[in-house]
Amino acid sequence: MKGLFSALLVPFDENGQIIEQGLRDVVRFNIDVQQIDGLYVNGSSGENFLLSTEQKKQIFQIVSDENKGKVKLIAQVGSLNLNEAIELGKYATELGYDSLSAVTPFYYKFTFQEIKAYYETIIRETGNDMIIYAIPALTGVSMSMAQFDELFQNEKIIGVKYTDGNFFLLERLRKQYPNKLIYSGFDEMLIYGAISGVDGAIGSTYNVNGKQAKQIWDLCQTGKVAEAYEVQHKTNDLIEKILELGLYQTLKEILNVKGIQAGTVKQPMSSLDPAKKDAVKHLVEKYEL
Ligand code: NGF
């Protein structure tokens with residue numbers, strides 16, 4: 001379960017339907033070309049929170065079928081509807097997903113005890129392992145060290161996808177829990193996660209730039225931090241442009257340029273402005289994606 005995981009992009013058509021062949025091709029591209037170690041399915045990058053339960057299941061099924069056991073699979077099943085999270089968790093577990101993950105419940109101001117009970121319920125009902133998905137910038141849920149301590153007492157909570165810039169907390173977690181899996185969530189901060197001793201990273205840009213991310217990762221593992229920094233600088237030039245043009249729209253357009261039918265984003269997100277297509281093509285050439 002260590003290494004780099006792509007937070008899988010999902011191709012949608014103009015009506016918000018999943019493009020099955022496109023999704024299969026994105027999976028293959030991640031495995032065969034980007035050579036990632038695993039896939040994080042139905043996360044933010046999969047536009048999960050815009051999908052119906054049936055669509056989420058369809059994605060879990062197609063990805064598992066196309067993967068054919070090649071790389072590790074993590075199923076993000078978190079939902080404000082706990083019944084849905086359980087249903088998805090059971091489904092992904094039956095399909096053989098290596099672990100579940102669930103975003104901290106958001107929108108309502110849940111107490112920590114409610115958040116803890118949410119995780120315990122999904123674990124109890126599915127029997128699978130759980131990776132907490134902590135992304136305070138989007139959920140508004142920032143957990144303290146004491147709260148992580150409480151959650152990590154549960155053996156089935158095997159780790160955290162840590163999409164946060166709080167490196168003090170990351171260092172505390174790493175020191176206290178050498179045996180829990182910590183995945184760095186922000187691609188533009190991969191180097192900091194890697195030198196902090198995380199077990200891996202999960203990110204959206206690895207769908208198109210996994211090979212460079214792997215270089216950063218490998219250089220850090222062998223202590224070549226200055227060299228890793230050079231690659232991170234180049235990577236961040238690219239990420240900066242992607243964020244300017246529109247994150248998921250641009251990542252999908254990069255795949256489209258590469259000949260993969262990555263479709264568009266699901267409404268209410270808006271499709272890439274056609275005037276930006278040339279800029280995306282330029283990125284593919286400049287960064288040799
Ligand atoms: O897309 C976001 C939203 N974060 C991802 C990742 O942490 C979560 C990150 O890769 C994710 O992709 C998922 O759950 O599917 C960023 O896209 C990247 O660092 C660019 O900012 O914050």
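**Ligand site and cavity**

Colleague: How many residues surround the ligand?
Modeller: This is a predicted model. The closest residues to the ligand include Ser 45, Gly 185 and Ser 204. Glu 188 and Tyr 248 are also among the closest.

Colleague: How many nonpolar residues does the shell around the ligand have?
Modeller: Sort the shell by class. Charged residues number 3, and polar ones number 7. The nonpolar count is 9.

Colleague: At what distance does a polar side-chain atom of Glu 188 lie from an oxygen atom of the ligand?
Modeller: Take the other polar side-chain atoms too. For Thr 163, one lies 3.2 Å from a ligand oxygen atom. For Tyr 248, the distance to an oxygen atom of the ligand is 2.7 Å. For Glu 188, it is 2.5 Å.

Colleague: What share of the ligand's accessible area does the protein cover?
Modeller: The ligand sits in the largest pocket. On its own, the ligand has 490 Å² of accessible area. The protein covers 94%.

Colleague: What is the volume of the largest cavity?
Modeller: The structure holds 1 cavity of 30 Å³ or more. The volume of the largest cavity is about 40 Å³.

Colleague: Which charged residue lines the largest cavity?
Modeller: The lining has 5 nonpolar, 2 polar and 1 charged residues. Tyr 162, Phe 167, Leu 170, Phe 186 and Met 189 are in the lining, and these types count as nonpolar. Ser 184 and Gly 185 also line the cavity, and their types count as polar.

Terms used:
Residues are numbered from 1 along each chain as its sequence is written. This is a predicted model: local features need pLDDT of at least 70, side-chain atom pairs count only at pLDDT 80 or more; totals for chains, interfaces and linings use all residues. Side-chain values use heavy atoms; hydrogens and water are left out. A residue is near a molecule or strand if one of its heavy atoms lies within 4 Å of it. A polar contact is a pair of N or O atoms within 3.5 Å; within protein, one must be able to donate a hydrogen and the other to accept it, and residues adjacent in sequence count only if both atoms are side-chain atoms. Accessible areas come from the Shrake-Rupley method with a 1.4 Å probe; for residues, only the protein chains shown count as cover. On a 1 Å grid over the protein atoms alone, a cavity is a set of points where a 1.4 Å probe fits but cannot get out, and a pocket is an open set with protein on both sides within 12 Å along at least five of seven lines; lining residues have an atom within 4 Å of a point. A molecule sits in a cavity or pocket if more than half of its atoms lie within 2 Å of its grid points. Grid points are joined across faces, edges and corners, and a volume is the space filled by probe spheres set on the points.
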